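Hello,

Here is the structure I promised to pass on. Please open it first, then read my notes below.

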Amino acid sequence: MNVIFLLAPFSVALGMLAVGAFFWTLRAGQYEDIKGAAERILIDDEDLDGPGDKQEP
Amino acid sequence: MALTFEAASQTDMSAFLRKADDGHARLDLLVTGARCAGCIAKIEREMGALPGVDSARLNLSTGRLSLGLENTGVDPGRIIAALGRLGYPATPYDPGAALVQRDREGRRLILALAVAGFGAMNAMMFSVPIWAGLFDQELGPATRSMMMWMSAAVGAPCAIFAGMTFFESAWRSLRAGRANMDVPISIGVILTLAISFSETILNGRDAYFDAAVSLLFLLLIGRWLDHVLRAKARSAAGDLLALQAPVACVIDNAGRERSIPLGDVQPGDILRVRPGDRIPVDATLEAGEALLDNSLLTGESAPERVGPGQMCRAGAVNTSGLLTLRASARSEDSTLAAIARLVDAGTQSRSRYVRLADRAAALYVPVVHAAALATFAGGWALGLDPREALIRAVAVLIVTCPCALGLAVPAVQVVASARLFKRGVLVKSGAALERLAEIDHVVFDKTGVLTEGRPALVGASPTIIALAAPLARASSHPMARAVARAAGEGPLATEVTEHPGLGVEGLIDGRRARLGRAAFVGVPTLRTGETELWFGFEGESKVRLQFSDVLRPDAGATIAALRARGMTVSILSGDQLGAVRGVAGAVGVSDWRAGLLPEEKSGAIDALAAQGRKVLMIGDGLNDAAALARAHAAIAPGTALAASQNAADLVLTGDALMAVVEAIDVARSARRRALENFSFAAVYNLVAAPAAMLGLVNPFVAALAMSGSSLVVTLNALRVRNRR
């Protein structure tokens, strides 16, 4: 029974971790473009180095 | 001077560049037409390859392209032109301060929602052993006390944090001397927490920490849905308005064209207005002659001819050539702004509308609180222990959860708006849907609503259209565009010269031809018809092309459908008697008025309202804006001016007028669902409240009943989508 004193805080801590992780994703802007994120995985790798960083400045 | 579409793209748009501290610049564009991974890759690759562009990132959900530029010397016009060549029309977008404000509210709500979700689940984890104890499972008093304390340790802080939104709103409303729905919610939550603490300290049996947090969690979902609905509509409406970029083209001392924000235009500035553009501020014509389309201002469909030194009103569309004007008023003082102020006044009158959920709350709150009070007082008087009587009173408050009001109504409205959004109707708020459902009289504007609002060719033979088309394609004049539309794709005339206010001249297969006014083409006529063009090759006979503002194809069907739903229809127009009579006859409306001023229109709406009619106003012009704001509900087409779109509750993003009928149907269906949910909640409370009074409700039953009833009303709300 004493194990509950370990398990109960542990499970609460796990829950808080999940809330923290959710906030991290929110702050990191992962919900800004849900449709785009779903489509972007279809872009081939060689296409990926096109946007953002150019070959020559 | 020659004018082609290349020239039109040379507008200086550097007003939209935002400078960063390190010398770099950012540019936000609204891109239309991007739909898939291929579009993202193509746009980002091509934009990133442009000289001066550091980075490009397209947000597919919002259609916004964010560009990082090397310095402020990069011309946005060239980037927009490059996007246009790729097949994606783009407009500069100014991310306003309103977005920051909106984000803060949304962030706060989602923070509260996440904490409430965490608290509900974790407090319930400790509640499960306590519930087991209620059903004679082995649970010693010491263990139960410990579980209650742990439940309190998790649940109470979460409930207080997540409840702040409600507490603050309740406090604000109480100080204003009114009671909104947040008052009973706050009282219920605070009382529940207090009783649960005292029970925990006194080693009692009933602690409702999990119920308090779950209640907040469910209600916060409702708040969040309502917020998402408004935020999404606001950003979509903002996108529509961004398409009418609020800039003016000014000639500076060096004679160069510069784009400046509308608010920076000073009286005396020299403005340049391209064919098809709107006059940005009230101004006088410097030279030449102008033909102005005032249809959005006055509803009149025939263009107005303006001579040098005469007044051009803000909001009129230039249907002649390139104009040079001298600004005579600042943006705030222009005709446009004057009407916008009328709109503000009207919108305030509409904010007095009390939403369905609040009206239900006004009935629900006194009943529930009286029942709780009666339980306590009655129980005590009938010989119950005061502590037991108090617990029963709290149980009444908990099981009579206001979820049908707080969760189900927003859920219905979100589902309804999402469905309408797909059909090309933008709903600005949930309250707009509620008002739309009550409509019994529909008022149409004529120009731009029942009609297309742009000239269309009538009665010309295909041979003549095909002959004139090469010249028409080279011009940006609205009537020439109508000829080009009628002809479709094809060859372009060469050596094209556009003569402002007169017409266009060029070579078709080596032969010189002219398209324009009678005098310009060389037809001796005394008539000054503004709705006709003449076309002819040099030295040959000339032909006349007649234009008129044609009816929308579904105008008649829409009015018939509205009548079939028991609504009466009338037309209020600022146009001339003859034009209105023709349209009214064609769509079969006998109740019409013509030649109305903006004030007369809004006065007519007020008169209808005074007779007890719930009026829906559909209009696009500036002359409708005040009427739109005064009406019980208002719809504006996406082509409407900014002021009218702001004044309207719903904006049609598509071309079909039939969407109005659809919107009313969906709004009525949403209202039916909401009322069904209210009746379900009433029945549920009629069972749950007496049970709680009799002490039959323990924390387990309360948790089950609350989430069960919430689930039922939410599922019922989702049915809006599946029914036609």
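In which sense do strand β10 and β11 of chain B pair, and over how many bridges? Strand β10(B), residues 290-293, pairs with β11(B) in the antiparallel sense over three bridges. Strands pair if DSSP finds at least two bridges between them. Helices (H or I, at least four residues) and strands (E, at least two) are DSSP runs, numbered from the N terminus.

This is a predicted model: local features need pLDDT of at least 70, side-chain atom pairs count only at pLDDT 80 or more, and totals for chains, interfaces and linings use all residues. Residues are numbered from 1 along each chain as its sequence is written, while chains are lettered from A and ligands numbered from 1 in the order in which they are written.

Back to the sheet. B:Leu291 stands opposite B:Arg305 in β11(B). The open sheet has three strands in the order β11-β10-β13 of chain B. Its edge strands are β11 (304-306) and β13 (317-318), and each pairs on one side only.

Next, the nonpolar cores. A core is a set of buried Ala, Val, Leu, Ile, Met, Phe, Trp, Tyr and Cys residues joined through C-beta atoms within 7 Å. Buried means that 20 or more other C-beta atoms lie within 10 Å of a residue's own, with C-beta atoms placed from the backbone. The largest core has 147 residues. Helix α23 of chain B (residues 659-693) gives the largest share, 16 residues. A second, separate core has 23 residues, including B:Tyr88.

Last, helix α2(B). Its buried residues include B:Ile40 and B:Met47.

Best wishes

Conventions:
A residue is buried if 20 or more other C-beta atoms lie within 10 Å of its own, exposed if 12 or fewer, and partly exposed in between; C-beta atoms are placed from the backbone.
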